[in-house]
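Me: I would like to go through this model with you and ask, point by point, what each description rests on. Please set the values against the criteria as you answer.

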Amino acid sequence: MTLGVDNRAASSRAVAWIRRVQVASVVTWGLLAAVVLVNAMVQPTFFTLYSITSTFATFVPLVFAAVAQAIVVIGGGLDLSIGTIVALSSVVALKVMNGSDALIGVGFLAALATGAACGLVNGLLTAVVRLQPLIVTFATASVFGGITLVVLPSPGGAVPPAMTQGFRLAFAGIPVPVWCVLVAVLIWLVLSRTKFLRHVYAVGGDAQAAYASLVPVVAVRILTFVTAGALAGLAAMGVLANTGSGDPFIGADVALDSIAAVVLGGIALRGGRGGAIGAIAGAIILALVTNVLFFLNVPTTFRELASGLVIIAALALSVLTTRKGVVR
Amino acid sequence: MPLLSMTGVHKRYGGVRALDGASLSLEAGEVHGLLGPNGSGKSTLNKVLAGTVSPDAATIELDGQPITIGKPRDAAARGIAAVYQQLSLVDSLTVGRNLTLGVEPTRAGFVDNRASAAEIDEVLERLRPGLGPGVTATTEVSSLTPGQQQLVEIAKAVLRRPRILILDEATASLHRDQVQLLFEIIRELTAAGTCVVFVSHRLEEVMTICDRATILRTGRTVATLTIAETSESELVRTMVGDVAQAERRAELARTDDMVLRVRGLTAPGVSDVDLDVHRGEILGLGGLQGQGQSELLLALFGATPIRAGEIELNGRRVANTSVVKATGNGFALVPGDRGSQGLFMQRAIQENLSIVSLRRRLLAALGISMRRERGVAADAVQRLSIKIGGLDDPVTSLSGGNAQKVVIAKWLLNEPAVVLLDDPTKGVDISAKAEIYAIVRELADSGVAVILNSSDDVELAELCDRVIVLYEGRIRTQLVGDEITSDRLVAAALLIGEGDQGTVDETVAAAPDGSDR
């Protein structure tokens, strides 16, 4: 009798533990390991410092965008405007810095402020005017993209040399782009200990219950988009450091890629569950898939198609394995 | 001086007065029951106190000082916490995170987990006998049973150390042992000076735990009684008051022609229900609101899955496994919420009237003859004397009563054998009410079997040939003909016997012959 109760207690504890770890994260890490393995096979130089630096350098922007998207999705929203926020922030920072190394700090502030301001617009429209996040950010994506074109009508402009060169250096034996990814992880770990992020989870899980529990739902929703916008601003600096010049069309794929990264990372699109570490892993998976296709000599014509198919397969795998847990 | 007093509380919802000058006076350290029949305003009064409903007018004094409560935050700041049936727990979060949600202890914006961990563990340990062994602070709420969730909800309110704790039907989903545990906790709280406001449909619980009780009737406070000095029958008398005897519909020569026969029906919210409805009979569903009446109608209509039992229509067994099948079998449901379930509010009256019965009038199974549709719709409008501008006007242009008549009319065009009405006169003004009554009577006279769920006891008394009273999803009592009076309906709903000391079992046994049992 006692034994039975103990068993049940133990098994329900085990169930709780599995829920916390989340089945999806097992899939996420499995996929990451697989894609790294495949990449190493098709690209023998994969683990050299040079290769790691340039690979990481390409996906730093997507990593920050994925953290931004993760926060919005956990809060029960969706942000289709992340890509053009990245573009707008990058061109604003580009103009502010004007190629001068001395103004890099100001450039960072300009990118953060631009991103946060865009996020504030999204936040006010969804939380105060109460429009659907999907519709709001679909529209603001065009607005921000339009403003970007006004600021910088065609690709060009010079990024401060210290930024582009510094991005290729190594610090304490670790390439700077890898440090950037670690910073993204750190930002998430710090955020996840704040009251604000607790409330984001609560609002995403059940906004009405959160309201009844005295969570300031409207403020949390606004701040969610503002935080995401600021992170998109950081992604913009990554873009500039990587490409070395400005491009008003840079963000075209970022929004959808960040959503794919979030789903790959095991974050439920219904909100309230998951964490941005998974989304970072998801972003890395997406970037490496492109890398693998390149080294497999897949013709450029088919690369887009192939990467789409791989993403669909990965998404299906992670969603199908979580669904069981939801239905119970 | 009382801890808190509320006087002159008024609240209207459209044309309905939910509270009409209600008052409530609470003392520190007491358990105060709030009692009243359906629609008496106890929930609204609670919500005003908790800040989730803002009153049209109210004077609230705490410790003799006037205060205003406009939103939940105001109430919380004054030390008022509420536990409702609709839980305020976030399913996807752990028990621990839910317990501190909104009041997380922080240092410089960061959540201080250690500060709350001890408190959380202590309260979970206190609830251990009710929660069972597996539940810890890291258990996700979605994996708990409704009873466990309710206990966590209570723990969450208790953790906020309220001066006034409102428990609104907090025992509904609890087992007997869990209720005992809650009562122990309530006694500890009141011993420490907390005031607990207690609402429960189980009168037995009110008699056990409450020191005093305030009784509401039609939005007014009629009395505050000391429970120890009051008998159950006195309580019922105070709740019902001196209601003018409803004018009953002329006794129908009861036919033995059985239209609907239900045996052992079990579905979500309904257990083992037997029904017999004869041709031309109006069967009422009574009891306190939310005891399975709407759920029973939904199950009969095939909208929720039937787990066990059988339904016979005119002696033929039917399987209402979906709404479409039920409609085809001659069932019609006039739902409780017109706006979301009964009508396409933005569409024309014409379309709303045609939609259910369109199949019957199709030309070659495809074409719609507009002239015919308009003719049929115009007939229905005239027959039920629905006041409309034109058939092409949207339903939003109609008053509540006329909109409800459109719902009834659209089903009548399908010529149903059984009509299920779910609180059809809720939020409807008096004159439209009378017209709807006339329609229901006419329906019955034309040979349709009618089942009417109503939260209004007077309505049941006025319309029904028979009323079955439901309690927690089961039939508890049946009242026939002249037995259907307001006070007997209330007594039956609260499981009080014919005499003073009647128990549940005696009440059932005393049900007259010809009952379903």
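Me: What makes the set S14-S13-S16-S17 of chain B an open sheet with antiparallel pairing?

Reply: In this predicted model, the 4 strands of chain B follow the order S14-S13-S16-S17, with antiparallel pairing, and the sheet is open. Its edge strands are S14 (270–278) and S17 of chain B, each of which pairs on one side only. Neighbouring strands of the sheet are turned by 20 degrees against each other on average, with direction ignored.

Me: What packs on this sheet, and at which angle to S14(B)?

Reply: Helix H10 (residues 293–300) of chain B packs there, touching S13, S14 and S16 of chain B, and its direction makes about 70 degrees with that of S14(B).

Me: How do you know that S13 and S16 of chain B pair?

Reply: Pairing requires at least two bridges between the strands, and S13 (residues 258–267) and S16 (residues 308–313) of chain B have 5 bridges, in the antiparallel sense. They therefore count as paired, since 5 bridges meet the requirement of at least two. Across from B:Leu260 stands B:Leu313 of S16(B).

Me: By how many bridges do S16(B) and S17 of chain B pair, and which residues are partners?

Reply: S16(B) and S17 (residues 316–318) of chain B pair over 3 bridges in the antiparallel sense. B:Glu312 has B:Arg317 in S17(B) as its bridge partner, while B:Ile311 has B:Val318. The hairpin of S16(B) and S17(B) has 2 residues between the strands, and B:Asn314 takes a positive phi near 50 degrees in this hairpin.

Me: How many residues does each chain bring to the contact between chain A and chain B, and which element of chain A gives the most?

Reply: The contact takes 25 residues from chain A and 25 residues from chain B. On the side of chain A, the elements that give two or more residues are H1 (2–21), H9 (195–205) and H10 (207–212) of chain A, and H1(A) gives the most, with 9 residues. That side has 11 nonpolar, 5 polar and 9 charged residues.

Me: Why does B:Leu127 count as buried?

Reply: The criterion is 20 or more other C-beta atoms within 10 Å, and B:Leu127, with 21 such neighbours inside 10 Å, therefore counts as buried. B:Leu127 lies in the loop between H4 (113–126) and H5 (128–131) of chain B. Beyond its neighbours within four places in sequence, B:Leu127 is in contact with B:Leu151, B:Ala155 and B:Leu181.

Me: Which residues have the most contacts inside the largest nonpolar core?

Reply: That core has 248 residues, and those with the most contacts inside it include A:Val86, A:Ile280, B:Leu420 and B:Val450. Leaving aside neighbours within four places in sequence, B:Leu420 is in contact with residues including B:Leu297, B:Leu300, B:Phe331 and B:Ile451.

Definitions and conventions: Residues numbered from 1 in each chain as written. Chains lettered and ligands numbered in written order. Predicted model: local features only at pLDDT ≥ 70, side-chain atom pairs only at ≥ 80, totals over all residues. Contact = placed C-beta atoms within 7 Å. Nonpolar A, V, L, I, M, F, W, Y, C, P; charged D, E, K, R; others polar. Axes fitted to C-alpha atoms, helices over the stretch in contact; angles between N-to-C directions. Buried ≥ 20, exposed ≤ 12 C-beta atoms within 10 Å, placed from the backbone. Core = buried A, V, L, I, M, F, W, Y, C linked by C-beta atoms within 7 Å.
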